[in-house]
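Subject: Structure for your files

Dear colleague,

Here is the structure I said I would pass on. My notes on it follow below.

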Amino acid sequence: MNGWQPRLVALDIDGTLLAWIDGEGQTYEEIRPAVYAAVHRAAAAGAHVVLSSGRSPHGMTRVADLLNMHDGDEERSWIVAANGAVVLRYPPVDVIHEETFDAAPAVAAVLEHHPNALVAVEERGRGYRVNRHFPDGELTGEMIITDVDDIVAHPVSRVIIRDPEATSDDFVDLAAKLGLHSIGYVVGWTAWLDLTPKGVHKASGLQRVADELGIEPADVLAIGDGRNDIEMLEWAGRGVAMGQAIEEVRAAADHVTGTVYEDGVAQELSRWFP
């Protein structure tokens, strides 16, 4: 890649831009100085920095604010939210594209095996509609208690299913057992299952952004650490896994950088934007 420099930098948030609080499975709402500086060098060099996460738009705009990339003159940022189901510009929030699906059958199938699981769907601008409260720090905004049937009564862009009594491996096995072929799904670090429209993932959302900007995937640098980053890492001209990523994610990447605690994003960006 001699002489190559990314025109678009796609960054996952949790475990990539933001580190976890040890032992809590939550994230600091803080971007470390080395990472902050590296992202700003990339933007100053003309690269489009795009946040790409499984988070809701509401949960991502706060991180965009922490990056502080808008002092009044810069072009509004592109954001890929809900694992690619929502593409927006910010600030202010302007949804450019949203994919939705009927999640009711899949949710019912999962709850047959995990009847005590927590279910959530974003209530844009407020928080989430949930059947019961999620553990502290796992969702942003207000939690609005709602019956499951009402939560999935209409098409949605993403459903979260969380079982604090299960493991991520339990959900990996369940997804394979149920054969969720009509929809997309991704299992997180814990027993956390994101259900999305079929064929929708971070890469599909980023492709929409790249098309709008006239940028080829070959000119994209993507950095992430989770299973929901695999398509993005494979799609980008250079896909980079964080050092703490599991082997499945590392195998999809062209390179493995340092861990989130070693400022892995800054290490990678400094290669191209010294």
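**Helix α5 and its end**

Helix α5 is followed by Gly179, whose phi is positive, near 60 degrees. This is a predicted model, in which local features need pLDDT of at least 70 and side-chain atom pairs count only at pLDDT 80 or more, while totals for chains, interfaces and linings use all residues. Residues are numbered from 1 along each chain as its sequence is written, and side-chain values use heavy atoms, with hydrogens and water left out. Helices (H or I, at least four residues) and strands (E, at least two) are DSSP runs, numbered from the N terminus.

In α5 (residues 168–178), the buried residues are Ser168, Phe171, Leu174 and Ala175. Buried means under 20% relative accessible area, exposed over 50%, and partly exposed in between (1.4 Å probe, protein chains only). Viewed down the axis of α5, these residues fall within an arc of 120 degrees, so they line one face of the helix; the arc is that of the directions from the helix axis to the C-beta atoms. Asp173, Ala176 and Lys177 are exposed, on the face of α5 turned away from its buried side.

**Cores**

The largest nonpolar core has 38 residues, and those with the most contacts inside it are Leu11, Leu17, Val39, Leu51, Leu221 and Leu269. A nonpolar core here is a set of buried Ala, Val, Leu, Ile, Met, Phe, Trp, Tyr and Cys residues joined through side-chain atoms within 4.5 Å. Elements that give two or more residues to this core include β1, α1 (33–44), β14 (220–224) and α9. Leaving aside neighbours within four places in sequence, Leu221 is in contact (heavy atoms within 4.5 Å) with residues including Trp4, Pro6, Val240, Leu269 and Trp272. Another core, of 24 residues, lies apart from the largest one, and Leu8, Trp78, Leu206 and Ala241 are among its members.

**Aromatic pairs**

There are two aromatic pairs in the structure. Rings of Phe, Tyr and Trp (its six-membered ring) pair if their centres lie within 6.5 Å; planes under 30 degrees apart count as stacked, over 60 as edge-to-face and the rest as tilted.

- Trp4 and Trp272 have ring centres 5.0 Å apart and planes at 90 degrees, so the pair is edge-to-face. Trp4 is in the segment before β1 (8–11) and Trp272 in helix α9 (residues 264–272), 268 residues apart. Trp4 is buried at 16% relative accessibility, and Trp272 is buried at 13%.
- Phe134 and Trp192 have ring centres 6.1 Å apart and planes at 75 degrees, so this pair is edge-to-face. Phe134 is in the loop between β9 (127–130) and β10 (142–145), and Trp192 is in strand β13 (residues 192–197), 58 residues apart. Phe134 is buried, with a relative accessible area of 3%, and Trp192 is buried, with 15%.

**Backbone points to check**

Most residues other than glycine have a negative phi, and most peptide bonds are trans. A cis peptide bond joins Tyr90 and Pro91, with omega about -5 degrees. The bond from Pro91 to Pro92 is cis, with omega near -10 degrees.

Asn83, not a glycine, has a positive phi of about 55 degrees; Asn83 lies in the loop between β5 and β6 and is buried at 4% relative accessibility. Asp263 has a positive phi near 60 degrees and is found in the loop between β16 (255–256) and α9.

Regards
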